Amino acid sequence: LLIEEARTNLVTYSNDFTTSSWTRQLVSIASNVSGVTAPDGSETVDKMIPNTSNNEHRVWDGVSSTAVGETYSVYAKSAGYDYVWLGYYEGSVYGYAVVNLTNGVVTASNTANYSVEASTNGFYRISVTKTASGTNPRYISISPSPTASPTLNSSNVPLYTGDGTSGIYVYGAQIEAGAFPTSYIPTTGAAATRARDIAQIPTSAFGY
C-alpha cells in the first residue's frame, strides 16, 4: 500500500507529447517507440529528438496556474543524449535540475526543490517543485553536456546544435499541487484525480 493522499495530474496528455497540449521547440517526437519498454512494462514511450538548429530544444506544457508549490515530474531515459533539464520559469524566477541519465546524478541546479528516483527499464523519475507564483509553463529540455554547450539563454535553457537523431526517451509527465511527487496518474485528454488510499476495513468484514 502506498497510502497516498489524493492528487490531480493537471497535464491533459501525460504520455503523448505530439498533442497540442505540448509546445515543441525545435524537436520532433517519435511516438510509442518500438522496443523501448516504459516503466509500466508497455511500449508507450516517446522520443524527443532535437533538430540541427543551434538553439533551445525542448517541450513545455500548456497548463496555466498561479499556484505555488506545484511539483512537475517526468520519467526520462537516454536515447543518445545523456542530460535532461527539468524546470520552470516565471519571469526572473526560475528553478531547474540537470540530471545525468546514465547514473541519475544531478550535475547542476539552482534549487533544492528537486528529486531523482531510479525507476525500471533504465528510466529515472525527475521532479522539480515550483516555488514561484506566475503562470509561465514548466519545460523539459535536452542537452548533450552537463554544462549546456556552448551557452545558456536567459531562462537557463541550453543552446546547442542537435544532430537530428540523438535525443531522450520521455514518459509520464505530471503536474500536481504539492511539495513532492506522488505516483503517476495517467491522463488522456483531461486532468485526472486519484483518490486517497484508505487502508482500513470494518471489523465485520475481517476474517477472525
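1. Let me start with strand 3 and strand 4, the latter covering residues 46-50: they run antiparallel to each other and share 4 bridges. One of the residue pairs to look up is serine 28, whose bridge partner in strand 4 is isoleucine 49. Do keep in mind that this is a predicted model.

2. That pairing belongs to an open sheet of 6 strands, ordered 3-4-16-7-12-11 and paired in the antiparallel sense. Its edges are strand 3 (27-30) and strand 11 (114-118), each of which pairs on one side only. Going from one strand to the next, the twist averages 30 degrees.

3. Serine 166 is worth a look while you have the sheet on screen. You will find serine 166 in the loop that links strand 15 (158-161) to strand 16 (167-177). Is this serine buried or exposed? Its relative accessible area is 15%, so serine 166 counts as buried, the cut-off being under 20%.

4. Which residues does serine 166 touch, leaving aside those up to four places away in sequence? They are Met48, Ile49 and Pro50, together with Ala79, Gly80 and Tyr81.

5. Stepping back to the whole protein, you can count 17 strands and 0 helices. Of its 208 residues, 48% are classed as buried. Among contacts between residues at least 6 apart in sequence, 71% join residues at least 24 apart.

6. Finally, the surface: the protein exposes about 9200 Å², and carbon and sulfur atoms supply 50% of that area.

How values were computed
Residues are numbered from 1 along each chain as its sequence is written. This is a predicted model: local features need pLDDT of at least 70, side-chain atom pairs count only at pLDDT 80 or more; totals for chains, interfaces and linings use all residues. Side-chain values use heavy atoms; hydrogens and water are left out. Two strands pair if DSSP finds at least two bridges between them. Helices (H or I, at least four residues) and strands (E, at least two) are DSSP runs, numbered from the N terminus. Axes are lines fitted to C-alpha atoms, for helices over the stretch in contact, and angles run from 0 to 180 degrees between N-to-C directions. Buried means under 20% relative accessible area, exposed over 50%, partly exposed in between (1.4 Å probe, protein chains only). Contact means heavy atoms within 4.5 Å. Accessible areas come from the Shrake-Rupley method with a 1.4 Å probe; for residues, only the protein chains shown count as cover.
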